[in-house]
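Welcome! Please take a look at the sequence and the model below, and then read on for a short tour.

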Amino acid sequence: MKGSAIAGAAYIVGSPALASSIRRSVIVIGAGAFGGWSALQLLQRGAKVTLLDAWGPGNSRASSGGETRVIRATYGPAGIYTQMVARALQLWQESERQWNVKLFFRTGVLWMAGTDDSYERAALPLLKENGIRFEKLSTTDCARRWPQINFEDISWSIYEPDSGYLAARRSCEAVLNAFLKEGGEYRQAQATPGPINANRMQGISINPVEILNADSYVFSCGPWLGKVFPVLVPIITPTRQEVFFFGTAAGDLRFTEAQLPVWIDGAKHRFYGIPGNHWRGFKIADDARGPTIDPTTMERRISDEGLAAARAYLRLRFPVMAGAPLLEGRVCQYENSLDQNFILDRHPEAENVWVVGGGSGHGFKHGPVMGEMVSNAVLGLKAPPLEMSLSRLLKKNST
Ligand SMILES: Cc1cc2nc3c(=O)[nH]c(=O)nc-3n(C[C@H](O)[C@H](O)[C@H](O)COP(=O)(O)OP(=O)(O)OC[C@H]3O[C@@H](n4cnc5c(N)ncnc54)[C@H](O)[C@@H]3O)c2cc1C
């Protein structure tokens, strides 16, 4: 990561001196993983912050909704994210200690490589460089350790013992509680951007007649970013994603976190899962992008085809679970940027407006680090990483 745009990032913690010198007012729109953490960290750096959300933090339409999310550091050659995860693991654990609420579950993460293992091989030096503990395991080692998995067509695996999963909706709520406790203002309201004059947005309207003004506006509206700013429609696409929770036999611990880590299948299937999953069942999901949807109006009912594919996957990789009953299903959405990388940049036509999003199916774990980056950028303390610029996507879209 040396030489990257966030190498040695100024992870400045709020200090009274800094707080008294800043006093900027910021409205954050969207209280999901990105907006909630951004609001909290802006507040901690001395800003006066109002956080708005149309339906609430981690609501059932939001990309941050639902029970759990994976936190892993294996990221192929995309070095920026491994470094961010190293920092995020630290921040999640510090926060849960400070707030006295359990948010991180250190189950370990097993990343299985297929025949083409270039992604996994590229990940190893970055894991090392960023101080992430890992083991490189042969299939024989894996089969001995986790006999409940069929390692057919897996070539080798990376095991991260210090990674695991995060409570999703519960974390959004914990972040909001911390934000309120530290003096932030939260309102449940839908925001509409105001007019832009002379490169500045002139306030936002809510509900629908009240106008709110601030020095800066952070739009962290996840899959709704294209609805809020039509210029973003071509570069952020919300896709339908289905999640399945299967029931294990009573008292059988083989498919709970007592005996199985979080796993990701990097071979041809790209399924991943969270065993036990906070007692909700054996969670599995397909990471392949589904059809484009509208996050407001989509009916969230799992499809017969999705369920059949999940069962076929269980038959292959977890044969004992092949006949397990479906306990629950969820339909969520990824908010995919054109290159699957995040966005943190000023609006191209309004210098007091920041656009934050493009989590692309892997954003949740990075919430606290995005919060640091957003607050540093908005308060002028540190420029955001070039990798997250809007111009890279607008350029891509125009070619
Ligand atoms: C099924 C699934 C599995 C995933 N798995 C993982 C994983 O294992 N690990 C991982 O790290 N990430 C994972 N992700 C991705 C991650 O959850 C998302 O990238 C992240 O939660 C996005 O957060 P966000 O704050 O950008 O968006 P959101 O959580 O969608 O938040 C946006 C908020 O904005 C509000 N809003 C929108 N428009 C307005 C408006 N006009 N006015 C007011 N409020 C508004 C919404 O109500 C919403 O609460 C997964 C996502 C899904 C769907």
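Strand S15 (residues 216-219) and strand S22 (residues 350-357) run parallel to each other and pair over 3 bridges; two strands pair if DSSP finds at least two bridges between them. Strands (E, at least two residues) and helices (H or I, at least four) are DSSP runs, numbered from the N terminus. This is a predicted model, in which local features need pLDDT of at least 70 and side-chain atom pairs count only at pLDDT 80 or more, while totals for chains, interfaces and linings use all residues. Residues are numbered from 1 along each chain as its sequence is written, and side-chain values use heavy atoms, with hydrogens and water left out.

**The sheet**
- Val218 has Trp354 of S22 as its bridge partner.
- S15 and S22 belong to an open, mixed sheet of 6 strands, ordered S9-S2-S1-S15-S22-S21.
- Strands S9 (185-188) and S21 (343-347) are at the edges with a single partner strand each, so one side of each has no neighbour in the sheet.

**The ligand**
- Which residues come nearest to the ligand? Of the 37 residues around the ligand, they are Asp53, Ser64, Arg69, Val70 and Cys332, where near means a heavy atom within 4 Å.
- S20 gives the most to this shell, with 4 residues.
- A ligand oxygen atom lies 2.9 Å from a side-chain N or O atom of Lys365, a polar contact (a pair of N or O atoms within 3.5 Å).
- Another listed distance is 3.0 Å, between an oxygen atom of the ligand and a polar backbone atom of Phe34.

Technical notes
A polar contact is a pair of N or O atoms within 3.5 Å; within protein, one must be able to donate a hydrogen and the other to accept it, and residues adjacent in sequence count only if both atoms are side-chain atoms.
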